[in-house]
Amino acid sequence: MSTDQILFGVGLILVLAVGSQVVASRLRIPALIILLPVGFTVGALTTDVNPDRLLGAAFQPLVSLSVAVILYDSGLALQWGKVRGRARRVVPRLVIWGVPVTMAFAAVLAAPLLGMSAGAALMLGAILVVSGPTVVGPLLAFVRPADRLQRILSWEGSLIDPIGGILGAVVFHAVLARTSGGVAHPLAQFLLSLGIGGAGAAVGVGLLWLCLSKLELDIVLRTTYQDAI
């Protein structure tokens with residue numbers, strides 16, 4: 001793609017995204033209601049709005065980075081101390097029991113209703129357990145439920161995203177191993193990725209703790225370091 005095509009595509013994406021947000025705020029509805037049909041329509045009518053073509057090999061890393069930033073920002077807003085009473089039991093139950101129940105129902109119904117294979121149905125079930133802060137946050141801001149319910153749903157939405165991502169990766173590698181006939185290589189690959197991610201997270205947390213607690217950084221450096229980590 002030429003430079004003009006890339007700039008035009010990126011500019012069009014920004015205009016449509018911001019415009020959809022403005023229209024949604026004027027109509028007083030969640031932005032997702034506008035963003036989804038706009039994205040589908042533009043994707044069907046033109047090839048200019050195609051992040052995969054515009055960004056090339058950088059597309060997947062940027063998506064992963066964006067998801068990480070969203071989860072990081074969502075996690076900073078969570079305060080377990082404000083979750084009191086029965087809500088402290090509801091949040092773990094939503095995660096521990098809600099994930100397998102949702103996955104099981106989605107997988108069992110997907111096979112006969114959508115004509116999917118067992119592996120595809122399991123993969124769909126793993127995907128559908130995820131709600132995530134990008135979905136729950138705007139809906140809560142629009143509905144404005146009671147504080148107790150809002151805290152419960154905020155915790156569930158933020159916790160379910162990484163759990164759903166890990167579950168999706170596990171199911172995908174399991175299905176891939178079954179179709180390819182070998183379990184050792186996909187399992188080892190997944191465990192290696194999980195170990196590298198865990199090690200990177202531990203190093204990042206350690207550096208953040210060291211710089212914020214031991215080094216006397218001013219407010220500008222503290223903010224910059226937190227954003228970098």
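1. The face of helix 5 turned away from its buried side carries Arg93 and Ile96, both exposed, where exposed means over 50% relative accessible area, buried under 20% and partly exposed in between, with a 1.4 Å probe and protein chains only. In this helix, which covers residues 87-96, the buried residues are Ala87, Val91 and Val95. Seen down the axis of helix 5, these buried residues fall within an arc of 75 degrees (taken from the directions from the helix axis to the C-beta atoms), so they line one face of the helix. An α-helix has 3.6 residues a turn, so residues three or four places apart point the same way.

2. The model is predicted, so local features need pLDDT of at least 70 and side-chain atom pairs count only at pLDDT 80 or more, whereas totals for chains, interfaces and linings use all residues. Residues are numbered from 1 along each chain as its sequence is written, and side-chain values use heavy atoms, leaving out hydrogens and water.

3. The chain has eleven helices and zero strands; both are DSSP runs numbered from the N terminus, helices being H or I with at least four residues and strands E with at least two. Of its 229 residues, 21% count as buried. The accessible surface (Shrake-Rupley method, 1.4 Å probe, with only the protein chains shown counting as cover for residues) comes to about 15,300 Å², of which 71% belongs to carbon and sulfur atoms.

4. Across the chain, residues 24 or more positions apart account for 61% of the contacts with a separation of 6 or more.

5. Valine 130 is found in the loop between helix 7 (118-128) and helix 8 (133-143), and counts as partly exposed because its relative accessible area is 30%. Not counting residues up to four places away in sequence, valine 130 touches Ile160, Asp161, Gly164 and Gly165. Valine 130 and leucine 167 are 37 residues apart in sequence and 9.7 Å apart in space, C-alpha to C-alpha.

6. Serine 20, in helix 1 (residues 3-27), counts as buried because its relative accessibility is 4%. Leaving aside neighbours within four places in sequence, serine 20 is in contact with Ile34, Leu35 and Val38.

7. On the surface, Ile96, Trp97, Val101, Phe105, Leu109, Leu113, Leu114 and Met116 form a nonpolar patch with about 890 Å² of accessible area together. Patches are made of residues with over 30% relative accessible area and no salt bridge, like charges being joined within 9 Å and nonpolar side chains (Val, Leu, Ile, Met, Phe, Trp, Tyr) within 5 Å; a salt bridge is a side-chain nitrogen of Lys or Arg within 4 Å of a carboxyl oxygen of Asp or Glu. Helix 6 (residues 98-114) gives the most to this patch, with five residues. Leucine 109 lies in helix 6 and counts as partly exposed because its relative accessibility is 46%.

Note on methods. Contact = heavy atoms within 4.5 Å.
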